[in-house]
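I opened this entry to record what I looked up in the structure. The notes follow the order in which I checked things.

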Amino acid sequence: MVPFKVERMVVVACSNHDFGKQVRAVCKVGCIGCRACTKVTDLFTMLDNLPQIDYGKYDPQSMEPLEAVIAKCPMKRVLFIGRPSPKDVVAVAGEKVPGVVRDTFDSTVDKADWHG
Ligand code: SF4
């Protein structure tokens, strides 16, 4: 397990188990289940069309494979949470905080083609 005293940790920031076409119909940022992350490192495995991170193997001192995964993910769903790095703070220093985004409560169920 990763101890809670770790300041930054990589997560898969999505909980959608649907396939790419259904995800893209309702969400601009959801994981599309492309498996690119699983091809970079064995930390990631697919479970029910969503990547899982094996935190038993997670080493906060070895970030190279994780940075490669972050670069590969087409939807930018693999990301660090926690304390921003000094480089991150500098990168967003001039940005304004965006307004509140309201959920439309669309779901893949609403737009699915049902057969049978
Ligand atoms: S690379 Fe990104 S979009 Fe593709 S399965 Fe992994 S988390 Fe999902």
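I read the order of elements from the N terminus of the protein chain as β-α-α-β-β-α-β-α. That gives four helices and four strands. Helices (H or I, at least four residues) and strands (E, at least two) are DSSP runs, numbered from the N terminus.

I noted that this is a predicted model, in which local features need pLDDT of at least 70, side-chain atom pairs count only at pLDDT 80 or more, and totals for chains, interfaces and linings use all residues. Residues are numbered from 1 along each chain as its sequence is written.

Next I checked overall dimensions and packing. The C-alpha atoms of the protein chain fill a box of roughly 50 × 35 × 25 Å along the principal axes. Of its 116 residues, 15% count as buried (20 or more other C-beta atoms within 10 Å of a residue's own; exposed means 12 or fewer, partly exposed in between, with C-beta atoms placed from the backbone). I also looked at contacts (C-beta atoms, placed from the backbone, within 7 Å). Among those with a separation of 6 or more, 63% join residues 24 or more positions apart.

Then I turned to the ligand. I found 15 residues around the ligand, the closest being Cys31, Cys34, Ala36, Cys37 and Cys73; a residue is included if its C-beta atom, placed from the backbone, lies within 6 Å.

Last, I looked up lysine 39, which sits in helix H2 (residues 36-40). Lysine 39 is exposed because 11 other C-beta atoms lie within 10 Å. Its C-alpha is 8.7 Å from that of valine 69, 30 residues away in sequence.

Key:
Contact = placed C-beta atoms within 7 Å.
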